[in-house]
Amino acid sequence: MSANKVLSSASKLARTKLGLDVKSVGAVMVEQAIATRIRKTRLTEEQYLYALETSGTEQEALCQLLLVSESWFEREQQPIESALTELYRNFSQIRALSVPCARGEEAITTLAIAKKVGFHPSLVSIDGYDASENAVEQANLFTYGEYSFRGTSEWFRTHLFSKVGDKYHLSPELQPSLHFNLANVLDPLWRPRCSQYELILCRNLLIYLRPRVRRQLLTKLSELLHPQGLIVATYSEASLLLDVGFKKDQISIAVFSPIQRAINKSANASKKRAKSPTRSAGPRTTPLLKNGTPPISQFHKQPSSRPSESPSTDLTAGIKELADAGRLDEAFALGLQLLEARPNDAQSHFILGVIASCCGQSEEARSWIERALILDPQHEDAKLYMDNVWGRH
Ligand SMILES: C[S@@+](CC[C@H](N)C(=O)[O-])C[C@H]1O[C@@H](n2cnc3c(N)ncnc32)[C@H](O)[C@@H]1O
């Protein structure tokens, strides 16, 4: 009985203090945090419930356990690079905001890319904010273990860091550009250091938030974004930005990464198909829906068509290039051609869905991605997308 009450009190706290939608982080995580605090404080469940309801210190301690500062260098960096390349045309210096910044990996990645596209580090200033005390403390040490470099290029590690023992220290010449601070960015009183930023990075937070607080945060970010500035979001969060009025061309090509993954998978799948015996596709007899999409019934028990590998490989490369350049409408049109070549291919449907979503066409996106799942119920990206974008609304 007390256990339920503690869980409900903790969930309420997560909602009000952190704006967290407990469904999105999972009740298990909240339960684990409670168990840790009960162990640490050596209280009974009943005593802990009282502490949680009356002590600000205990509330803060529990909230800290609900913050997961999972990040790594060069994480989905393509949209950051696209944004900075674009910004380099219009600005000689950059103020960037990383919310949330975790231990600073995203901000350091941004600084490295800014240097690569031509900005001198002294003309780049990046403010990072995070609610996790641990994460911000670590960010300010500019010191990282192997774990932060998983999936990171050797160049990044060797050119920007020096190794001491088993730790890596960020080059001292880069450190003055980075400012990491503790803040709950949902606090109505939170104000970052600058009143305007040319670049805002807001990734892997929005999907965990309740719609109302998400909207409040995004409204604040839209006020902080320079009129010619760009905001970088993950592919599953881009549509949330469009919902609050960000313009398509203010959002950096967050669509790219999943498409790249989809393209890689498609290329592998088509190589495999090319090796195995195939059947030729029959003519399309089913009428198209209004948006040019074949109705779902068409996909049931259809034999796979054999794509002619080189034209569709060209098409996928073309889609990648267009999406990369932010030319989403053209990417979508090319995606429809890909669909002609691979009418029963889940990846093609997924790609179209992601582009549609990033164009703000939520309903259409949903229908494409649902089709991808009908064709391939194990399609990991489509499942993730459904869960992130629609599952928690
Ligand atoms: C998964 S990390 C994302 C880090 C980085 N943006 C990235 O995409 O790699 C999520 C971070 O959000 C932070 N966070 C969660 N709620 C927050 C809030 N209300 N204010 C500030 N930071 C918050 C957590 O502490 C955690 O470090």
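Trainee: Why is L182 called partly exposed?

Mentor: A residue counts as buried if 20 or more other C-beta atoms lie within 10 Å of its own, as exposed if 12 or fewer do, and as partly exposed in between, the C-beta atoms being placed from the backbone. L182 has 14 C-beta neighbours inside 10 Å, and therefore counts as partly exposed. This is a predicted model, in which local features need pLDDT of at least 70 and side-chain atom pairs count only at pLDDT 80 or more, while totals for chains, interfaces and linings use all residues. Residues are numbered from 1 along each chain as its sequence is written.

Trainee: Where does L182 lie, and which residues does L182 touch?

Mentor: L182 belongs to strand β6, residues 178-182. Helices (H or I, at least four residues) and strands (E, at least two) are DSSP runs, numbered from the N terminus. Leaving aside residues up to four places away in sequence, L182 touches D130, E133 and V136. Two residues are in contact if their C-beta atoms, placed from the backbone, lie within 7 Å.

Trainee: Which residues of α10 are buried, and what puts them on the same side?

Mentor: The buried residues are R214, L217, L218 and L221. They cover an arc of only 100° around the axis, which puts them on the same side of α10. The arc is that of the directions from the helix axis to the C-beta atoms. The face turned away from this buried side carries the exposed residues R212, T219 and E223. Among the elements that cover the buried residues of α10 are β7 (197-201), β8 (225-232) and α11 (235-243).

Trainee: Why is α11 described as largely enclosed by the rest of the structure?

Mentor: Seven of the nine residues of α11 are buried, so α11 is largely enclosed by the rest of the structure. The buried residues are Y235, S236, E237, A238, S239, L240 and L241.

Trainee: D243 is also found in helix α11. Is D243 buried, exposed or partly exposed, and what makes it so?

Mentor: D243 has 14 other C-beta atoms within 10 Å and is therefore partly exposed. The C-alpha atoms of D243 and L218 are separated by 9.8 Å, with the two residues 25 residues apart along the chain. After α11 comes G245, whose phi is positive, near 105°.

Trainee: What makes α7 largely enclosed?

Mentor: Of the 13 residues of α7, 10 are buried, so α7 is largely enclosed by the rest of the structure. Among the buried residues are E105, I108, L111 and I113. The 13 residues of α7 should span 18 Å, and its end C-alpha atoms are 18 Å apart, which agrees. Just after α7, G118 takes a positive phi of about 130°.

Trainee: Why is α1 called roughly perpendicular to α5?

Mentor: Helix α1 (residues 2-18) and helix α5 (residues 56-65) pack at an angle of about 85°, with their axes 10 Å apart. That makes α1 roughly perpendicular to α5. Angles under 35 degrees count as roughly parallel, over 145 as roughly antiparallel, 65 to 115 as roughly perpendicular and the rest as oblique. Axes are lines fitted to C-alpha atoms, for helices over the stretch in contact, and angles run from 0 to 180 degrees between N-to-C directions.

Trainee: Which residues of α1 and α5 meet?

Mentor: A10, L13, K17 and L18 in α1 meet Q59, L62 and C63 in α5.

Trainee: Why does E76 count as partly exposed?

Mentor: E76 has 19 C-beta neighbours inside 10 Å, and therefore counts as partly exposed. E76 is in the loop between α5 and α6 (78-90), and its phi is near 35°, a positive value in a residue other than glycine.

Definitions and conventions. The expected span of a helix is 1.5 Å times one less than its number of residues.
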